[in-house]
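This report concerns a single protein chain and the geometry computed from its atoms. The sequence and the structure are shown first.

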Amino acid sequence: QVQLVESGGGLVQAGGSLRLSCAASGRTFNNYHMGWFRQGPGKEREFVGAVSWSGGISYADSVKGRFTISRDTAKNMVYLQMDDLKPEDTAVYYCGAAGARYVGSGSVLRQPHAYEYWGQGTQVTVSS
């Protein structure tokens with residue numbers, strides 16, 4: 001089992017910044033790919049970005065250049081730095097963990113079904 005807890009969400013004006021954190025506990029953190037997804041009201045969960053167990057990083061086109069993912073293996077933490085936020089970024093943001101033993105590090109990490117564990121989510125609201 002892996003437990004994930006997100007934090008850092010809140011209300012921010014357009015153009016502002018937030019830093020989300022995801023704390024992981026349980027099984028060996030290094031054996032997991034980590035992803036960030038978001039889900040707006042009435043929408044499906046969509047890919048934001050991911051960092052593989054080996055450090056490879058990918059982003060959705062909608063956030064590329066504005067969001068930055070990082071992981072601190074010593075602290076079992078994953079971060080999502082969000083800059084130049086836009087109203088359309090408003091959503092609940094979720095952290096997910098996918099076992100590297102079973103899931104490759106390519107485009108499959110853009111799919112929610114690749115992830116075995118999820119956090120409870122943190123709300124991000126961007127006002128115009």
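The model is predicted: local features require a pLDDT of at least 70 and side-chain atom pairs a pLDDT of 80 or more, whereas totals for chains, interfaces and linings use all residues. Residues are numbered from 1 along each chain as its sequence is written, and side-chain values use heavy atoms, with hydrogens and water left out.

## Overall fold

The chain contains zero helices and 11 strands; these elements are DSSP runs numbered from the N terminus, helices being H or I of at least four residues and strands E of at least two. Read from the N terminus, the order of elements is β-β-β-β-β-β-β-β-β-β-β. The radius of gyration of the chain is 14 Å, which agrees with the value near 14 Å for a compact globule of 128 residues. That radius is taken over C-alpha atoms, and the globule rule is 2.2 Å times the number of residues to the power 0.38. Along the principal axes, the C-alpha atoms fill a box of roughly 45 × 25 × 25 Å.

Of the 128 residues, 45% are buried; buried denotes under 20% relative accessible area, exposed over 50%, and partly exposed the range in between, with a 1.4 Å probe and protein chains only. Among contacts (heavy atoms within 4.5 Å) with a separation of 6 or more, 62% join residues 24 or more positions apart. The accessible surface amounts to about 6,400 Å², and carbon and sulfur atoms contribute 47% of that area. Accessible areas follow the Shrake-Rupley method with a 1.4 Å probe, and for residues only the protein chains shown count as cover.

## Strands 1 and 3

In a regular strand the side chains alternate between the two faces of the sheet. Strand 1 (residues 2-7) has a covered face formed by Val2, Leu4 and Glu6, and an uncovered face formed by Gln3, Val5 and Ser7. Strand 1 runs antiparallel to strand 3, and six bridges join the two; pairing of strands requires at least two DSSP bridges.

Ser21 lies in strand 3 (residues 18-26). With a relative accessible area of 14%, Ser21 is buried. Apart from neighbours within four places in sequence, Ser21 contacts Val5, Glu6, Ser7, Trp36, Met77, Val78 and Tyr79.

## Aromatic and charge-ring geometry

The whole structure holds five aromatic pairs. Rings of Phe, Tyr and Trp (its six-membered ring) pair if their centres lie within 6.5 Å; planes under 30 degrees apart are stacked, over 60 edge-to-face, and the rest tilted.

| Pair | Centre distance | Plane angle | Class |
|---|---|---|---|
| Phe37 and Tyr115 | 5.1 Å | 75° | edge-to-face |
| Phe37 and Trp118 | 5.3 Å | 75° | edge-to-face |

Phe37 in strand 4 (residues 32-39) and Tyr115, in the loop between strand 9 (91-99) and strand 10 (117-118), are 78 residues apart. Trp118, at 26%, is partly exposed. Ring pairs join Phe37, Phe47, Tyr115 and Trp118 into a cluster.

Charges also sit over rings, a case that requires NZ of Lys or CZ of Arg within 6 Å of the ring centre and within 35 degrees of the ring normal. The charged end of Arg19 sits over the ring of Tyr79, 3.9 Å from its centre. Arg71 lies over the face of Phe29, 4.5 Å from the ring centre.
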